Amino acid sequence: MFFRYNDFMEIGFKARVLKIVAGIPKGKTLNYKQVAILAGSPRAYRAVGNIMNKNENPKVPCHRVIKSDGTVGGYAHGTNKKTAILRKEGAI
């Protein structure tokens, strides 16, 4: 199978995003833009959201990534569940 250059970049970016989010400690949050900046692509905050939306790894706490305005944003299990988890962890 042949890959385009952009395919390699996307794989690398996704891996960086997942590693960053996996490192967010309980009780803390980062916003999508902060994660994009830390992953080396400051303008790729929507891509961070797409990666989080598809995350199925329980070791990657995607619920700890919120919107820049401080609201919780989307979550695969619903925003009410995300809010409840963040409250339980003391993040909000």
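Is Asn-55 buried or exposed? Asn-55 is buried, with a relative accessible area of 16%; buried means under 20% relative accessible area, exposed over 50%, and partly exposed in between, with a 1.4 Å probe and protein chains only. The model is predicted, so local features need pLDDT of at least 70 and side-chain atom pairs count only at pLDDT 80 or more, whereas totals for chains, interfaces and linings use all residues. Residues are numbered from 1 along each chain as its sequence is written, and side-chain values use heavy atoms, with hydrogens and water left out.

**Asn-55 and helix H3**

Asn-55 belongs to the loop between helix H3 (45-54) and strand S2 (65-66). Helices (H or I, at least four residues) and strands (E, at least two) are DSSP runs, numbered from the N terminus. The side chain of Asn-55 reaches the backbone nitrogen of Asn-57 at 3.1 Å. Apart from residues up to four places away in sequence, Asn-55 touches Leu-18, Val-60 and Cys-62, where contact means heavy atoms within 4.5 Å.

Within H3 itself, the buried residues are Val-48, Ile-51 and Met-52. They lie on the same side of H3 because they cover an arc of only 100 degrees around the axis, the arc being that of the directions from the helix axis to the C-beta atoms. The exposed residues Arg-46, Asn-53 and Lys-54 are carried on the face of H3 turned away from its buried side.

**The nonpolar core**

A nonpolar core is a set of buried Ala, Val, Leu, Ile, Met, Phe, Trp, Tyr and Cys residues joined through side-chain atoms within 4.5 Å. The largest such core has 17 residues, of which Phe-13, Val-17, Val-21, Val-35, Val-48, Met-52 and Val-65 touch the most other members. Helix H1 (5-22), helix H2 (32-38) and H3 each supply at least two residues of this core, and H1 gives the most, with 4 residues. Leaving aside neighbours within four places in sequence, Val-17 is in contact with Val-35, Ala-39, Val-48, Ile-51 and Met-52.

Arg-64 forms a salt bridge with Glu-89, the closest N and O atoms being 2.9 Å apart. Arg-64 lies in the loop between H3 and S2 and Glu-89 in helix H4, so the pair ties together parts that are 25 residues apart in sequence. Both Arg-64 and Glu-89 are buried. A polar atom of the Arg-64 side chain also lies 2.7 Å from the backbone oxygen of Ile-24.

The buried residues of H4 are Lys-82, Thr-83, Leu-86 and Glu-89. Their arc of only 130 degrees around the axis puts them on the same side of H4, and they pack against H2 and S2. On the other side of H4, Asn-80, Arg-87 and Lys-88 are exposed. Just after H4, Gly-90 takes a positive phi of about 85 degrees.

**Buried loop residues**

Gly-73 lies in the loop between S2 and helix H4 (79-89). Gly-73 and Thr-83 are 10 residues apart in sequence and 9.3 Å apart in space, C-alpha to C-alpha.

| Buried residue | Relative accessible area |
|---|---|
| Asn-55 | 16% |
| Arg-64 | 11% |
| Gly-73 | 14% |

Technical notes. A polar contact is a pair of N or O atoms within 3.5 Å; within protein, one must be able to donate a hydrogen and the other to accept it, and residues adjacent in sequence count only if both atoms are side-chain atoms. A salt bridge is a side-chain nitrogen of Lys or Arg within 4 Å of a carboxyl oxygen of Asp or Glu.
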